[in-house]
Amino acid sequence: MAEETALTVAPVSSLPTIAEVRQLCPTRREFIRFMRKVDTHADKKDVCWAWLANTFGDGRGQVTYKKKKWQAHKWLYCALRGNVPQGMELDHLCHNGLCVNPYHLEPVSHRVNLLRGCGWPAINAQKAMCPQGHVYTSENTYTWHHPDG
């Protein structure tokens, strides 16, 4: 039988004031409603805050706000730290897709986000030799550039 873990929900007294919750989240009530779906350690910035509610197919948290579906981590980041800069996306520094801790997120380009990950782009970027043992150099390696950038 799996061991049950207790959920730690931020007490209302430790939540930010309405002035701290920026343009995305106009009321403290909506913010509290969101935070009730988060397993958080409000006094610790270094611990993941796990999303406990709905998820998208890729395993990331999903929240509906003003009839629009949001990634939960992006919603909380925008509410507490401001909008994500144009052309950037949020990188989970903790590599936990269900983490919504805004201090575990960093706005980066799509390329940087891919190279920091665990997928094929990151794996291939780290390769120094071909399967036959030849060192990759600019002279013996063809690099394809997508027409859109």
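Q: How much space lies in the second largest pocket, and what makes a set of points a pocket rather than a cavity?
A: About 410 Å³ of space lies in the second largest pocket. On a 1 Å grid over the protein atoms alone, a cavity is a set of points where a 1.4 Å probe fits but cannot get out, whereas a pocket is an open set with protein on both sides within 12 Å along at least five of seven lines. The volume is the space filled by probe spheres set on the points, which are joined across faces, edges and corners. This is a predicted model, in which local features need pLDDT of at least 70 and side-chain atom pairs pLDDT 80 or more, while totals for chains, interfaces and linings use all residues. Residues are numbered from 1 along each chain as its sequence is written, and side-chain values use heavy atoms, without hydrogens and water.

Q: What makes a residue part of the lining, and which are closest to the centre of the second largest pocket?
A: A lining residue has an atom within 4 Å of a point. The second largest pocket has 22 of them, the closest to its centre being Arg-60, Leu-90, Asp-91, His-92 and Asn-113.

Q: Which elements give two or more residues to that lining?
A: They are helix H2 (72-81), strand E5 (89-92) and H3; helices (H or I, at least four residues) and strands (E, at least two) are DSSP runs, numbered from the N terminus.

Q: How much space lies in the largest pocket?
A: The largest pocket holds about 590 Å³. Among its 17 lining residues, Arg-111, Leu-115, Ala-125, Thr-143 and Trp-144 are the closest to the centre.
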